[in-house]
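This briefing is meant to be read next to the structure. Please keep both the sequence and the model open while going through the points.

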Amino acid sequence: MRVPIELVETLAVALEEGSLDAAARRLHVTPSAVSQRIRALERIAGQVLLVRSKPVRATEAAHRFVRYARQLALLERDAWEGLDDEGVTSVPLAVNADSLATWFLPPLARVAATRNVVFDLHRDDQDFTAGLLESGTVMGAVTSRRTPVAGCRVSALGALRYEAVAQPAFAARWFAGGIDAGHLAAAPVVDFDRRDELQTRWLRHTGVDPAAPPRHRVPASQDFATAVLLGLGWALLPTLQSGPHVERGELVRLGGEDIVVPLFWQQWNLASPVLDDVAEHIVAEARRVLEPVA
């Protein structure tokens, strides 16, 4: 059965806007028309696609229709490229915080300098960004997942290396007797958020119970690094971020085993000149600055 384009488009817009009223304003129709379109799509699908909450939420079954709608929108913009200089292509992408803070923005700036495009960035841990591809929320993602998401293709980007660092005064206070299990169990740690496992992994490698140290949580990459620079606690930072501070004596390395996180680029498997151009710049920049993936 063919699915009318306006039905899947309406579902996607309702989810983007968060309510049927807001979707109606964007689509220049009545809220009743939005509701009727979504119910018509639900009849075709044979199941509920939209949870009428505040904001509205997609059910698991809705993800394939949302992805279809956004793929159609991208193909339509590709078709108009060169014919309609007024049109702007919106490209939603998912990226982990440390990539966003270190290497991810320059390639996007180069694309934006030559194409009429805007980027809608979704920040999440690299272990979870692939889920945004599966749901149709984004067209491409930096992810730790090597296996392609269904309907996507994958390219190796490189590996992001993390090292344990601390402010010199912090290290002098907490590790005066040496960086050993006893001192590490007492010294405050800085985590990004509750999903951040890097400090926990490093502590385990070092033979320390990860539940022992007190923990700060600072859920913004630049502020996270600032917290370490100010002596709030120790943490693992990407060497791309920590290196200059170590060279200037603003941070000291704690030693122990570095943690290396392989990263991959996954994108919809569509013949889209815009998306392919974005991918080309992202992959080239990553391979220039990151370590090769083993």
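The model is predicted, not experimental. The chain holds 13 helices and 11 strands, and 47% of its 294 residues count as buried.

**Overall layout**

- Taken along the principal axes, the C-alpha atoms fill a box of roughly 70 × 40 × 30 Å.
- Of the contacts between residues at least 6 apart in sequence, 74% join residues at least 24 apart.

**Nonpolar cores**

- In soluble globular proteins, nonpolar side chains tend to be buried together.
- The largest nonpolar core in this chain has 51 residues, and Phe104, Leu157, Trp234, Trp265 and Ile282 have the most contacts inside it.
- Helix H13, residues 273–289, gives the most to this core, with seven residues.
- Another core, of 23 residues, lies apart from the largest one; among its members are Ala12, Ala14, Ile38 and Phe65.
- Leaving aside neighbours within four places in sequence, Leu157 is in contact with Trp103, Val142, Leu263, Phe264, Trp265, Ile282, Val283, Ala286, Arg287, Leu290 and Val293.

**Arginine 70**

- Arg70 is found in helix H4, which spans residues 62–80.
- Is Arg70 buried or exposed? The relative accessible area of Arg70 is 14%, so this residue is buried, the cut-off being under 20%.
- The side chain of Arg70 reaches the backbone oxygen of Gly136 at 2.8 Å.
- Not counting residues up to four places away in sequence, Arg70 touches Ala12, Glu16, Gly136, Thr137, Met139 and Trp268.

**Helices H1 and H3**

- Two packed helices are described by the angle between their axes and the distance between the axes.
- The axes of H1 (residues 5–17) and H3 (residues 31–45) come within 9 Å and cross at roughly 115°.
- H1 is therefore roughly perpendicular to H3.
- The crossing of H1 and H3 is left-handed.
- On the H1 side, Glu6, Leu7, Val8, Thr10, Leu11 and Ala14 take part in the contact; they meet Val34, Arg37, Ile38, Ala40, Leu41 and Ile44 in H3.

**Helices H1 and H2**

- At what angle do H1 and H2 pack? The angle is about 120°, with the axes 8 Å apart.
- H1 and H2 therefore count as oblique to each other.
- H1 passes H2 in a right-handed crossing.
- From H1, the contact is made by Glu9, Thr10, Val13, Ala14, Glu16 and Glu17; from H2, by Leu20, Ala22, Ala23, Arg26 and Leu27.

**Helix H2 and its ends**

- H2 runs over residues 20–27, and Leu20, Ala22, Ala23, Ala24 and Leu27 in it are buried.
- These buried residues pack against H1, H3 and strand S1 (50–51).
- At the start of H2, a side-chain oxygen of Ser19 reaches to within 3.1 Å of the backbone nitrogen of Ala22.
- Just after H2, His28 takes a positive phi of about 60°.

- Ala14 belongs to the core of 23 residues, and in H1 Ala14 takes part in the contact with H3 and in the contact with H2.
- Ile38, also in the core of 23 residues, is one of the H3 residues that meet H1.
- Ala12, another member of that core, is among the residues touched by Arg70.
- Glu16, one of the residues of H1 in contact with H2, is also touched by Arg70.

Conventions
Residues are numbered from 1 along each chain as its sequence is written. This is a predicted model: local features need pLDDT of at least 70, side-chain atom pairs count only at pLDDT 80 or more; totals for chains, interfaces and linings use all residues. Side-chain values use heavy atoms; hydrogens and water are left out. A nonpolar core is a set of buried Ala, Val, Leu, Ile, Met, Phe, Trp, Tyr and Cys residues joined through side-chain atoms within 4.5 Å. Buried means under 20% relative accessible area, exposed over 50%, partly exposed in between (1.4 Å probe, protein chains only). Helices (H or I, at least four residues) and strands (E, at least two) are DSSP runs, numbered from the N terminus. Contact means heavy atoms within 4.5 Å. A polar contact is a pair of N or O atoms within 3.5 Å; within protein, one must be able to donate a hydrogen and the other to accept it, and residues adjacent in sequence count only if both atoms are side-chain atoms. Axes are lines fitted to C-alpha atoms, for helices over the stretch in contact, and angles run from 0 to 180 degrees between N-to-C directions. Angles under 35 degrees count as roughly parallel, over 145 as roughly antiparallel, 65 to 115 as roughly perpendicular and the rest as oblique. A crossing is left-handed if the near helix is turned anticlockwise from the far one by less than a right angle, and right-handed if clockwise.
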